[in-house]
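I opened a new model today and kept notes as I went. The entries follow the order in which I looked things up.

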Amino acid sequence: MSPHTLDAYARDLSSVTEFCRQRKLKSWNSLDNVQVRAFAAAEHAGGLGPRSIQRRLSALRSFYEFLLREGGAKANPATDVRAPKTKKRLPATLDADQMARLLDFRVDDLMSARDKAIMELFYSSGLRVSELVNLELASIDLKDRTVRVTGKGNKTRIVPMGRHAIDAIKAWLPQRAALIRDAATAHPLFVGKAGRALTPRAVQLRVETWARRQGLAQHVHPHMFRHSFATHLLESSGDLRGVQELLGHADISTTQVYTHLDFQRLASVYDAAHPRARRRP
């Protein structure tokens, strides 16, 4: 698992340990189903959100599975405990006009060439920011118009690239070559001024900067390109399974959130246009 996942699980289990200490529970066998429910309730009362509680219970269940295998516990008390229900939040997206506005800027220096290539590739292929910063030069095939991506769980998928992304990458590659000073750093596709691979935070800051420059009112972040990619593709094609494959989702239920976005757009059109629909005040 990634370092972020390990850190999160460590924090989650530390919170359970603190709960056990306060309840004077001396072993993992002392924690029963009732106590786990009390733990979830205490976390919720303390202001922790339902998603975070879900993750803590998931970490606890996984930990007890480990204890059962190692003989450190007799049962898994977290098996049937559920977190409070979460309100379904739809991902934020840019519509096609907003996306066109964001990407409509002139390339006049090295950094603008790189940023254009980054954002065109984001929108063209629906990449996660972690996937983009880990791309190597060998990951792209300009002739075949594809990019090879390593996603969650080290799963590899091949995704098409659109012509705007290809043109932007072609404009970036000569600029990139001028930044590479050390053969050891010759592999990353996107690098900074020092010739080293970009961090996710650096990409986030560049996206925010361009959104402000282009006059977009809402907060724009790298994952918004992925949400917009999926939404626009689903609106045009209606092929949920195809969008799932392109996004690299293991479970189609993860992709189904974009069908709600599509319906939300249709509902707004209905409300605005139908004579018997709910009118805006």
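**Entry 1: salt bridges.** I began with the term itself: a salt bridge is a side-chain nitrogen of Lys or Arg within 4 Å of a carboxyl oxygen of Asp or Glu. I then checked Arg-206 and found a salt bridge with Asp-115, with the closest N and O atoms 2.7 Å apart. Arg-206 sits in helix α8 and Asp-115 in helix α5 (residues 110-125), so this pair ties together parts that are 91 residues apart in sequence. I noted Arg-206 as partly exposed, at 24% relative accessibility. Asp-115, at 2%, counts as buried.

I also found a network: salt bridges that share partners join Asp-12, Glu-43, Arg-55 and Arg-56. Within it I looked up Glu-43 and Arg-56, whose closest N and O atoms are 2.2 Å apart in their salt bridge. Glu-43 belongs to helix α2 and Arg-56 to helix α3, so the pair links parts 13 residues apart in sequence. I recorded both Glu-43 and Arg-56 as buried.

Next I took Glu-18, which forms a salt bridge with Arg-21 at 2.5 Å between the closest N and O atoms. I placed both in helix α1, three residues apart, about one turn of the helix. Glu-18 is partly exposed, with a relative accessible area of 32%. Arg-21 is exposed, at 54%. I counted eight salt bridges in the structure.

**Entry 2: confidence.** I reminded myself that this is a predicted model. I read a mean pLDDT of 87 for the chain, with 90% of its residues at 70 or more. Where is confidence lowest, and where is it highest? I found the lowest mean, 68, in helix α12 (residues 257-273), and the highest, 96, in helix α8 (residues 200-213). Where pLDDT is low, the predicted coordinates should not be read in detail.

**Entry 3: a charge without a partner.** I turned to Arg-176, in helix α7 (residues 163-179). Arg-176 is buried yet has no salt bridge. Which side chain of opposite charge is nearest to Arg-176? I found Glu-136, 8.8 Å away. What does the side chain of Arg-176 reach at 2.8 Å? I traced this contact to the backbone oxygen of Pro-188.

**Entry 4: aromatic rings.** I noted eight aromatic pairs in the structure. I looked at Trp-28 and Phe-63, an edge-to-face pair with 5.0 Å centre to centre and 75° between the planes. Trp-28 is in the loop between α1 (3-22) and α2 (33-45), and Phe-63 is in helix α3 (residues 50-70), so the pair ties together parts 35 residues apart in sequence. I then moved from Phe-63 to Phe-66: their ring centres are 6.3 Å apart and their planes at 25°, so this pair is stacked. Phe-63 and Phe-66 share helix α3 and lie three residues apart, about one turn of the helix. I found Trp-28 partly exposed at 25% relative accessibility, and Phe-66 partly exposed at 37%. Trp-28, Phe-63, Tyr-64 and Phe-66 form one aromatic cluster.

**Entry 5: helix α9.** I finished with α9 (residues 222-237), which has 16 residues. I read 23 Å from its first C-alpha to its last, close to the 22 Å expected. Among the buried residues of α9 I listed Pro-222, Phe-225, His-227, Phe-229 and Leu-234. Just after α9, I saw Gly-238 take a positive phi of about 70°.

Definitions and conventions. Residues are numbered from 1 along each chain as its sequence is written. This is a predicted model: local features need pLDDT of at least 70, side-chain atom pairs count only at pLDDT 80 or more; totals for chains, interfaces and linings use all residues. Side-chain values use heavy atoms; hydrogens and water are left out. Helices (H or I, at least four residues) and strands (E, at least two) are DSSP runs, numbered from the N terminus. Buried means under 20% relative accessible area, exposed over 50%, partly exposed in between (1.4 Å probe, protein chains only). Lys and Arg count as positive and Asp and Glu as negative; His and the chain ends are not counted. A polar contact is a pair of N or O atoms within 3.5 Å; within protein, one must be able to donate a hydrogen and the other to accept it, and residues adjacent in sequence count only if both atoms are side-chain atoms. The expected span of a helix is 1.5 Å times one less than its number of residues. pLDDT is the predictor's confidence in each residue, from 0 to 100. Rings of Phe, Tyr and Trp (its six-membered ring) pair if their centres lie within 6.5 Å; planes under 30 degrees apart count as stacked, over 60 as edge-to-face and the rest as tilted.
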